[in-house]
Amino acid sequence: MGFLSPLLLLLGLTAAVPLLLHLFQRQQGPRVVFPALRYLRRAEKEHARRIKLRQLLLLALRVAMLLLLALASARPFFRHGGGGHEPTAVVIILDNSLSTGLVMGERRVLDALKDRALETLERAGPDDRFWLIRAATPWEAAVPGDAAATAQRVRETEVASAAADLNGALARARALLAAGAEGRAAEIHVLTDLQASAFPGTAPAAGTDAPPVMVWAPGGEPPANAAIAAVEIGGGLAPRAGERSMISVEIAGSRAEEDSVVVRLALDGRMTAADHAAVPGTAQIPLPARSAGIVSGWVEIDPDALRGDDRRYFVLRVEPPPVVRTTQPLPFVDEALAVLANAGRIRLEGRGAGSGAADIVIAPAAIGADAVRSERTVVVLPPTSPLELPAVNNRLAQAGIPWRYARVEGAGEARFAPVEEGDELLRALEDVRLQQVYRLERTGPTPSAGGDGAAPAALDSTLLRLRDGSTWAVRGELPGTKGRYVLLASPLTLEASTLPSSAAMLPLLDRMLGAWAAAEPARSHVAPGEPVVLPSLADAVERPDGVRDPVEGGSRYRAPAQPGVYRVLAGDRLVDAFAVNPPAIESDLARLDRRQLTAMLDGWRVRVTDDADDWLRLIYHRRLGREVWRPLLLLALALLLVEGLVAAAGRARAARPAGQAATRPVPRGDEKVPAGHAAPAAAGTAVSDHRRSGAN
């Protein structure tokens, strides 16, 4: 049983008024007993007993009538599963994030959430309206529909490899109800595992018109979980063709019974290597040499209760070694380039400003910098003498590179900015001393979003800084072309710095001719729901299950929430690929408790339960079940009528003995006293005294 207006139960306090009046009127006045009237005591006691019974009956009737009126005002109803309710608009927020794929017992959490949603829809009326929001795929449209159509969508819902944003879903649900409830009672049903990470940011403000929120979440604590949090290949540098590398696999979470897990590597569908790793910890797996092209694979651990994070996919683009040439002799640079060529990291081309078709041109004093216009990468080294700066800046301007060199007066020895954590190259550069440094100044406008529908220009990026914050290495792209440039602020000579004779020289050149000089690689990892710009030749995207989605080249393709490798095809030729994986935060199964949830959703009318029967009593809060206030009101009116009849009968009975006492002879021992003498007066006194003793 429940109440639609429970605060009106406070009206039941008015039942204390008849009780107080009854207690106050029980005070007795002085009682004088006439010896001559002792024979009336027995009759008096019998009469007083009848009066007290009548008064108690009146008191009970009045108290019961007031209590019934208070109950009727609170609008009580009986709860039952199939009761009727007012037409209701309901937004069902179904959490289908990766964490709901957790198996507890023999079923997934998502299956229990879907059961609650289907129970809600089974008890729907013909005038109810529903929306279904899948919390992990917010890009899907929430279309209003009836119970049957919504139930079909619920049954089709599967676990997505994405995170949920329940705060955003609440705001969206409230907007849907504000626009589409159309006078119906409004409710929001949140079916979730209450994962703490599912409530990012700040909860939407409730306001005065916020609909009630019913939340169902499974009880109990989630089990321990181990997951693959990240995969890094070659320390962030993709291996080149024919080169071996290492894959670093980060393991997160915990395992209750195991100290380590086996991490396996699969390339192109075949298991190739394995390693052990602590939980949490890191596994290092060797990556065999591959030929140039697109390589896909995954790393995995043994499955546990949450299987969706036990495998992580990756796509690797193995590029051939770039062709490099220098336009001027550079003693220490030439020796380092020869070492890299012997290691297969680069291929050297004969020197000459205009010969060959090198991918990367090293241009001391900007000689040969105009190669940037032929969609190649130019690495510009400043001159050894400041007297050459005007000529160098003129060459940069002719090549279209929007930077210039300027002298730094009175500058002493400079150092690279220290780093607390980073790659080995940055740590090795901390010991390098720079005696000659030029200031890099931008001459062109800062790139910004293009006007008139033009694509935004790429921003230049600072690659290395000095301790005073100035730029030492900058990378950019020539506007209107695919040419790239890398500018250094110091010459690579022993007179300019200790860099040529340090251990950092070879890794620095490898980085410049690799990651810094390379074109921005196509994205190999995409989050679920994120748009991907497809190559111009693409005509289909093949999903992990083999289904092909027709596409148009150059268009945007929204990555589905299904994990795996997606192959971009032009006919039957593979032109690109990308991997979709769940966010690592989904592996953290920590949950909010009820107190934390209600505190987070401050101002919202939130009801939380983990009991299936209680859920049926919470939903459809308006007129849930059969209201019983009308019978209670009729019963109160009937008691009021009975109270009036009892009170009227009491007054008639009290008046009749007084009238009879004036004519009835009253005996005194053996003597009969005529009517109209002293006995009648005494009898009248006794009756009056009796009324004072028992009257209400």
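Me: Is Leu633 buried, partly exposed or exposed?

Reply: This is a predicted model. Leu633 has 32% relative accessibility, so Leu633 counts as partly exposed. The cut-offs are under 20% for buried and over 50% for exposed.

Me: Now the charges. How many salt bridges are there?

Reply: Side chains of opposite charge can pair when their charged atoms come close. Here the count comes to 31 salt bridges.

Me: Which residue pairs with Asp111?

Reply: Arg108 does, at 3.0 Å from N to O. Asp111 counts as buried because its relative accessibility is 18%. Arg108, at 24%, counts as partly exposed.

Me: What does the salt bridge between Arg404 and Glu441 link?

Reply: The closest N and O atoms of Arg404 and Glu441 are 2.8 Å apart. This pair links distant parts of the chain, 37 residues apart: Arg404 is in strand E20 (residues 403–406) and Glu441 in strand E23 (residues 439–442). Arg404 is partly exposed at 33% relative accessibility, and Glu441 is partly exposed at 24%.

Me: How are Arg617 and Asp614 placed in helix H11?

Reply: They are 3 residues apart, so about one helical turn separates them. Salt bridges can also share partners: Arg240, Glu243, Arg345 and Asp510 are joined into one network. As for Arg617 and Asp614, their side chains meet in a salt bridge at 3.7 Å, N to O.

Methods:
Residues numbered from 1 in each chain as written. Predicted model: local features only at pLDDT ≥ 70, side-chain atom pairs only at ≥ 80, totals over all residues. Heavy atoms only, no water. Buried < 20%, exposed > 50% of the residue type's maximum accessible area, 1.4 Å probe, protein only. Salt bridge = Lys/Arg side-chain N within 4 Å of Asp/Glu carboxyl O. Helix = DSSP H or I, 4+ residues; strand = E, 2+ residues; numbered from the N terminus.
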